[in-house]
Every structure is written in C-alpha cells, then in structure tokens.
2 protein chains.
Amino acid sequence: MLKSLFRHTVLAVAFAAASSSAYAAEEVYKLKLAETWGPNFPIFGDSVKNMVKMAEEMSNGRLQIRVDSSNKHKAPFGVFDMVKTGQYDLGHSASYYYKGKVPNTLYFTTMPFGMTAMEQHAWFQYGGGQELMDEVYAPHNLMAFPGGNTGVQMGGWFKKEINSVDDLQNLKMRIPGFAGEVLAKLGATPVNIPAGELYTSLERNTIDALEWVGPSLDLRMGFHKIAPYYYMGWHEPATELMFIANTKKMEALPADLQAILKVAMRKAAYDMYVHSYAESAKNWEIMKSEFPDVQVKTFPAEVITAIKKANDEILLEKAAEDEQAAKIIKSQQDYLKLVRVWTDISEYGYLESVAE
Amino acid sequence: MLKSLFRHTVLAVAFAAASSSAYAAEEVYKLKLAETWGPNFPIFGDSVKNMVKMAEEMSNGRLQIRVDSSNKHKAPFGVFDMVKTGQYDLGHSASYYYKGKVPNTLYFTTMPFGMTAMEQHAWFQYGGGQELMDEVYAPHNLMAFPGGNTGVQMGGWFKKEINSVDDLQNLKMRIPGFAGEVLAKLGATPVNIPAGELYTSLERNTIDALEWVGPSLDLRMGFHKIAPYYYMGWHEPATELMFIANTKKMEALPADLQAILKVAMRKAAYDMYVHSYAESAKNWEIMKSEFPDVQVKTFPAEVITAIKKANDEILLEKAAEDEQAAKIIKSQQDYLKLVRVWTDISEYGYLESVAE
C-alpha cells in the first residue's frame with residue numbers, strides 16, 4: 001500500500017513538476033535501533049516498542065523502525081559506538097554505561113544523593129541539563145534524549161547484612177555509574193554485568209550483591225530466592241535511560257519525521273516513568289504477600305554518612321580534573337539546591353502532612 | 001506552499017487513479033481550540049501552544065489549530081459545552097470546573113488528601129482512571145485527556161490567619177472542585193471566579209481568601225500585595241488540567257492525524273508538569289528574597305483533622321447517592337492505598353533519608 005502510494009507520488013512529481021518535498025512526503029524511511037536490553041525486556045523494552053508504534057502511526061507508516069535486542073547485536077554496552085558509527089540509526093541504553101569511554105556521560109542518568117525524577121526533568125529542560133548533555137554527545141555525532149525513568153531505585157540485594165562500613169570491604173557488587181566509584185572508595189569492588197547474567201553471577205557467588213532496579217523489574221529476575229536482604233536506595237534516585245540518535249541520520253530525515261521521532265521518544269520516556277511507578281507499586285504488594293521472608297533494610301546511618309562523604313570527595317576530584325565535569329557538577333548542585341526547597345514544601349511536605 | 005502541494009496531489013490522484021488516501025495525505029485540517037485561560041496565560045496557555053506547535057510540525061502543516069482564549073469566546077467555564085456542541089473541536093480546561101453540570105467530572109482533576117501527580121498518572125494509565133473518565137465524558141460526545149499537572153498546589157492566600165475551625169465560618173474563598181464542598185461543610189462559602197477577576201475580588205474584599213495554584217503562577221498575580229498569609233496545601237495534591245476533543249470531529253480526522261493530536265496532547269501535558277515544577281522552584285526563591293514579608297503557614301492540626309473528617313463524610317455521601325461516583329471513589333481509594341506504600345518507600349523514603 002505504501003509502496004503503491006509512493007509510485008503514484010513519483011508519477012505526480014514527474015507530471016506536475018512538483019518540488020522534491022512532494023516526493024519525500026510519501027517515502028518510507030527504514031531505521032534500525034539497537035537496545036542494550038534483551039528481547040521482550042519488560043518496561044525498558046516496552047518503552048522502545050511504545051516509541052516505535054507511535055512513530056509509525058503518526059507518520060502513517062513512513063517511519064519504520066526495526067529494533068535489535070542484545071541477543072541480535074551481541075553488544076549490550078556497544079550501543080554508543082554502533083550508533084556513533086552509523087551501524088545503527090538509533091539506540092536505547094543508559095548514559096552512565098559509557099563512562100569508561102567518555103567520562104562525562106556519567107552525569108546524565110542519575111547521581112547518588114542527587115535529584116529526584118521531577119527535579120532532574122526540571123534541571124534537564126529548564127536548568128541547562130539538555131545543553132550540557134548535547135555538549136558531551138555532539139562531538140561523537142550523537143544526539144541524546146531522555147529515555148525513561150525508573151524512579152528511585154532500591155539499594156540492592158545482598159547475601160549478607162551490611163552493619164558497618166567494614167562489611168563493604170571486598171564486597172563484589174554489580175553497581176554501575178558513579179555509585180560504583182563511591183563504593184570502590186570504601187573498599188568494595190564494583191562491576192557491571194549485563195542483565196541476562198545477573199542471576200547466575202549472584203547464585204554462583206561471582207558477586208556478593210547487586211542492585212538492579214526495584215520491585216518493578218527485580219521480582220521477575222528471581223533475586224529474592226538467592227539473597228535475603230533488600231536494601232532501600234541512596235544511589236540512584238532518578239535513573240533516566242536514554243534514546244540516542246546518529247546526528248547525520250537524524251538530520252537526513254524530513255523535518256516532520258524528525259519532529260515525530262523526537263516527540264515519540266520524549267513521550268515514550270515520560271510514559272516509562274509512569275509504567276515503572278505502576279509496576280513498582282503492584283510488585284511491591286506481590287513481594288510482601290508472596291515472599292514474606294524478604295527482609296527490607298535501610299543501611300545504618302554510619303554507612304550512609306561514610307558513603308555520602310566518599311561521594312562528595314569524588315565529586316571534588318572529578319571537578320578538579322576536568323573543566324566540563326566541573327561545569328556539569330556545579331550546574332546539578334546549584335539546581336538541586338534551588339529545586340529541593342520546592343520539593344520539600346510541595347511533594348514532601350504534603351506526604352509528611354498526610355502520613356499516618 | 002502547502003496549498004501548492006495539495007494541488008499537485010489532486011493532479012496525482014486524477015492522473016494515476018490513486019486511492020483517496022493520497023488525496024487525504026496532503027489535505028489541511030483546520031481545528032479550533034477554546035481554552036479556559038486568558039491570552040498568553042503562563043504555563044497553562046504555554047502547554048496549549050506547545051501542543052499546537054508539535055501537532056503542526058509533526059503533521060507537516062496538515063493540522064492547523066487556532067487557539068481562542070477567554071477574551072475571544074467569553075466563556076471560560078463554557079469550554080465543555082462549546083466542544084460538546086462542536087462550536088469548537090478541542091478544548092483546554094480543568095475537569096472539576098464542570099461538576100455543576102456533570103457531577104462526576106469532579107474526580108478527574110485532583111482530590112483533597114488524594115494521590116500525588118505520579119500516583120495519579122499511574123492510576124490513570126494502569127489503574128482504570130482513563131476508562132472511568134471515558135465513561136463520564138463519552139455520553140457528551142467528548143474525549144478527555146490529561147492536560148498538564150501543576151504538582152502540589154499551595155493552600156492559598158488569606159487576609160486573616162486561620163487558627164481554628166471557627167475561623168473558617170463565613171470565610172468567602174475562591175476554591176473550586178471537591179475542596180470547596182469540604183470547606184462549605186465546615187461553614188465557609190466557596191466560590192469559583194475566573195483568573196482575570198481574582199485580584200480585584202480579593203482586593204475589594206468580595207472574597208476573604210483564594211487559592212490559585214502555587215508560586216509558579218501566583219506571584220505574577222500579585223496576591224502577596226493584598227494578603228499576607230500563604231498556606232501550604234492539602235486540597236490539590238496533583239491538579240491535572242485536561243484536553244477535550246469533540247469525538248465526532250476527532251474521528252473524522254485521518255488515523256495518522258488522530259495519532260499526532262493524541263500524542264501531542266499527552267506530551268504537552270507531561271511537559272507542563274515539568275514546566276510547573278521548574279517555575280515553582282524559581283518563583284519560590286524569588287518570593288523568599290523579594291517579598292520576605294510573605295508568611296508561609298501550615299494549617300493547625302485541629303483544622304486539618306476537621307477538614308479530613310468533612311472530606312471523608314462527603315465522599316461517603318457521594319458514593320451513597322450515585323453508583324458511578326461510588327465506583328470512581330473506590331477505584332481511587334484502592335489505588336491510593338496500593339501506590340502510596342511504594343511512594344513512601346521510594347520518593348518519600350529517599351527525601352527523608354537525605355533531609356538535613
């Protein structure tokens with residue numbers, strides 16, 4: 001049907017000497033997207049499917065996006081490079097996975113003791129966050145966009161209780177991003193492992209602990225069967241995934257399809273936060289009723305204080321080493337100071353006043 | 001340019017005997033939207049402009065939406081009717097403004113002591129909220145959608161302090177929706193007044209108090225010049241505006257334009273929450289530094305307890321009187337119970353752990 005329309009339009013162009021935009025108006029653009037996640041991965045993968053569906057419907061089929069999951073492209077943490085080189089047009093991943101390659105990608109997912117999701121959205125759109133992310137990604141021929149928020153993540157699943165800072169010594173834990181560096185400073189050994197290998201790694205004691213997301217995704221991973229302690233979070237208050245696009249490929253699209261793609265990505269990202277919230281609430285209830293043996297814990301104040309201190313020291317080190325990092329850290333800290341006052345009066349104040 | 005493309009397509013259809021969809025593909029659809037707000041109204045009006053711009057860009061100009069503000073159509077609270085009858089194709093307003101006309105519209109903006117914005121989004125998309133709103137609006141040939149959240153609203157500006165329930169007696173206050181009914185039960189006289197008349201009404205003592213939104217919008221209204229007390233909120237934890245569409249007009253659009261319009265409305269709604277959040281944070285800081293005489297107050301516990309009791313009683317009355325109301329109230333209360341547990345562990349727990 002689309003091909004037939006396309007041929008008719010070509011005839012129209014020949015016959016009526018119309019501009020090339022009439023031609024482009026019915027051309028089908030086939031794009032390829034690489035996602036970090038495995039096939040049919042819940043919530044994260046759903047947000048990609050949501051985006052693709054919206055883009056296809058809004059473009060009347062002129063945008064067709066093939067999604068390759070990690071089982072296909074075999075490079076869950078290679079999404080940055082594959083989109084940069086143009087092997088893929090689009091990607092769905094998390095910025096902080098690429099800190100080993102481009103250190104300042106670290107700041108655009110979530111920061112320990114940092115902003116909540118709405119605070120971070122406000123920073124991103126009205127506090128200079130998007131511009132800073134553009135600065136980091138543009139030299140790599142990449143455009144980066146929000147990709148969906150998980151909300152506050154849980155602190156992770158532990159085989160042993162954490163009662164003191166000593167218990168962090170030599171603790172081998174899957175924990176990516178800045179939080180991993182913070183724990184390393186306190187003697188732990190942070191590693192990053194693709195989702196598909198997490199359960200086996202924990203089961204075989206290759207790692208002693210892991211954080212993944214929270215009840216929205218953790219329950220179906222089965223971690224509660226092999227690690228009894230589930231800690232509340234400090235390290236990822238607002239994990240925002242990202243969509244990335246190859247800049248040249250994006251700019252080669254007609255303006256209306258660029259607009260459709262950008263709006264579809266942004267709306268899918270917003271939708272994912274709502275989806276995460278709903279799944280978290282539902283799964284928390286399931287966990288409490290079906291797995292009553294899970295022990296929900298908070299880290300002792302001594303541990304939180306030590307972690308916060310290590311966190312602040314590393315931020316100072318990073319700011320001293322790199323001008324761009326210093327600028328990003330300052331922007332985030334200034335905005336957090338401004339916006340948290342409002343959060344405390346509004347959301348937090350309200351929740352406090354109605355708490356029973 | 002668009003007209004010229006359109007003519008070329010008509011020629012193409014004639015020449016190549018294409019289906020009517022090639023014709024429709026370039027037709028321009030001109031829609032009219034009535035907004036409750038005055039011209040260039042900040043944040044609320046911005047969200048409408050944002051939606052219109054996205055729809056036009058994504059449709060390559062095939063969707064053109066004229067926005068009429070209240071100075072034009074003269075019926076700020078007539079948006080429901082004007083869209084229902086087809087005088088306008090689309091509207092931007094708040095559902096609870098129409099409770100006098102269709103009582104169960106009351107439940108789709110925000111409820112006192114109810115859900116926060118993210119909780120309400122989760123209820124709407126995953127807890128049956130959208131389906132219930134459809135049930136209320138469909139008999140009026142209307143489709144209703146989220147229209148942008150203000151976040152937690154402030155409790156309002158008062159000329160006199162509220163120290164006891166007695167101080168609510170005969171208090172004439174602009175406060176719409178369910179909250180107005182709650183205060184009426186305690187002896188106050190709630191009224192609704194269009195935004196443009198609020199300042200004069202308060203200045204001339206036509207009313208003794210008013211709630212509008214919060215620092216994002218209140219400061220430029222100047223209320224702080226004529227009422228010294230600014231109370232924290234209990235009554236509107238998550239005010240969601242709404243876009244409405246005339247169902248027949250919506251369904252007459254080609255499928256791709258329907259998709260574009262729906263996605264543009266939803267994204268504009270999400271964007272407005274972020275915009276509100278950023279403006280609230282910024283304006284709160286301005287207020288604290290430029291107007292240090294504003295006294296920020298919380299209602300005494302005695303008053304909150306009385307309000308909550310009145311609130312619960314009215315909910316019971318409404319549920320007893322109307323089957324649909326009972327179903328909506330039950331759905332909201334059940335979902336709040338489920339989701340608040342998660343909010344307390346995630347956002348609230350995190351904010352509590354990092355509070356200084």
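B:Ile43 is found in the loop between strand 1 (29-35) and helix 3 of chain B. Helices (H or I, at least four residues) and strands (E, at least two) are DSSP runs, numbered from the N terminus. The model is predicted: local features need pLDDT of at least 70, side-chain atom pairs count only at pLDDT 80 or more, and totals for chains, interfaces and linings use all residues. Residues are numbered from 1 along each chain as its sequence is written, chains are lettered from A and ligands numbered from 1 in the order in which they are written, and side-chain values use heavy atoms, without hydrogens and water.

The phi of B:Ile43 is positive, near 60°, in a residue other than glycine. B:Ile43 is buried, at 1% relative accessibility (buried is under 20% relative accessible area, exposed over 50%, partly exposed in between; 1.4 Å probe, protein chains only). B:Asn60 also is not a glycine and has a positive phi, of about 55°. This residue lies in the loop between helix 3 and strand 2 (63-68) of chain B. B:Asn60 is partly exposed, at 37%.

In chain A, A:Gln153 sits in the loop between strand 4 (142-149) and strand 5 (156-158). Its relative accessible area is 3%, so A:Gln153 is buried. Its side chain makes a polar contact of 3.1 Å with that of A:Thr150 (a pair of N or O atoms within 3.5 Å; within protein, one must be able to donate a hydrogen and the other to accept it, and residues adjacent in sequence count only if both atoms are side-chain atoms). Beyond four places in sequence, A:Gln153 touches residues including A:Trp212, A:His235 and A:Glu236.

The two chains meet through 68 residues of chain B and 68 residues of chain A, with contact meaning heavy atoms within 4.5 Å. They bury about 6500 Å² between them, 75% of it on carbon and sulfur atoms. Buried area is the accessible area (1.4 Å probe) lost on being put together, summed over both parts. In chain B, B:Tyr277, B:Trp342 and B:Tyr350 lose the most area to chain A, together 13% of what that side buries. Ten residue pairs are in polar contact between the chains, both residues at pLDDT 80 or more. Helix 12 of chain B gives the largest share of the side that touches chain A, 18 residues.

Chain B can be laid on chain A by a turn of 180° and a shift of 0.0 Å along the axis, with an RMSD of 0.0 Å (least squares on the C-alpha atoms of residues with pLDDT of at least 70 in both). This is the relation of a two-fold axis. The same surface serves both copies, with 100% of the contact residues of chain B recurring in chain A.

How values were computed: Buried area is the accessible area (1.4 Å probe) that two parts lose on being put together, summed over both.
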